[in-house]
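Please examine the fold shown below before reading the explanation that follows.

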Amino acid sequence: MRLLIAFFLPWLTFFTIGRPISGLLCLFLQITVLGWIPAAMWAVYALSQYSTDQKLKRAGLS
C-alpha cells in the first residue's frame, strides 16, 4: 500500500514513515510538475530504506 502512495502522493509516504520534514520538502518538489518524478523516486527509495531498517530491528541486529 505504501508503495502505491509513494508513486501517487510521494510526500505522504514520508509522513507515514515518520519523516515529516522530508515530507514537506517532497511536497514542495512535487508541486512543480517536473519535480514529480524525482519526488516519487525519492519516496520509493526512502520507503525501501525504512523497510530494511524495520527488518533489521525485528532481527535484533540494530
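Helices (H or I, at least four residues) and strands (E, at least two) are taken here as DSSP runs and numbered from the N terminus. Read in that way, the chain runs α-α-α-α from its N terminus, with four helices and zero strands. The model is a predicted one, in which local features need pLDDT of at least 70 and side-chain atom pairs count only at pLDDT 80 or more, while totals for chains, interfaces and linings use all residues. Residues are numbered from 1 along each chain as its sequence is written, and side-chain values use heavy atoms, with hydrogens and water left out.

Along the principal axes, the C-alpha atoms fill a box of roughly 40 × 20 × 15 Å. Of the 62 residues, 26% count as buried, where buried means under 20% relative accessible area, exposed over 50% and partly exposed in between (1.4 Å probe, protein chains only).

Helix α3 shows how burial is arranged. Its twelve residues, 20-31, reach 16 Å from the first C-alpha to the last, close to the 16 Å expected at 1.5 Å a residue; the expected span is 1.5 Å times one less than the number of residues. Within α3, S22, G23, C26 and Q30 are buried. Seen down the helix axis, these buried residues fall within an arc of 100°, so they line one face of α3; the arc is that of the directions from the helix axis to the C-beta atoms. They pack against α1 (2-8), α2 (10-16) and α4 (36-59), contact meaning heavy atoms within 4.5 Å. On the other side of α3, I21, L24, L25, F28 and I31 are exposed.
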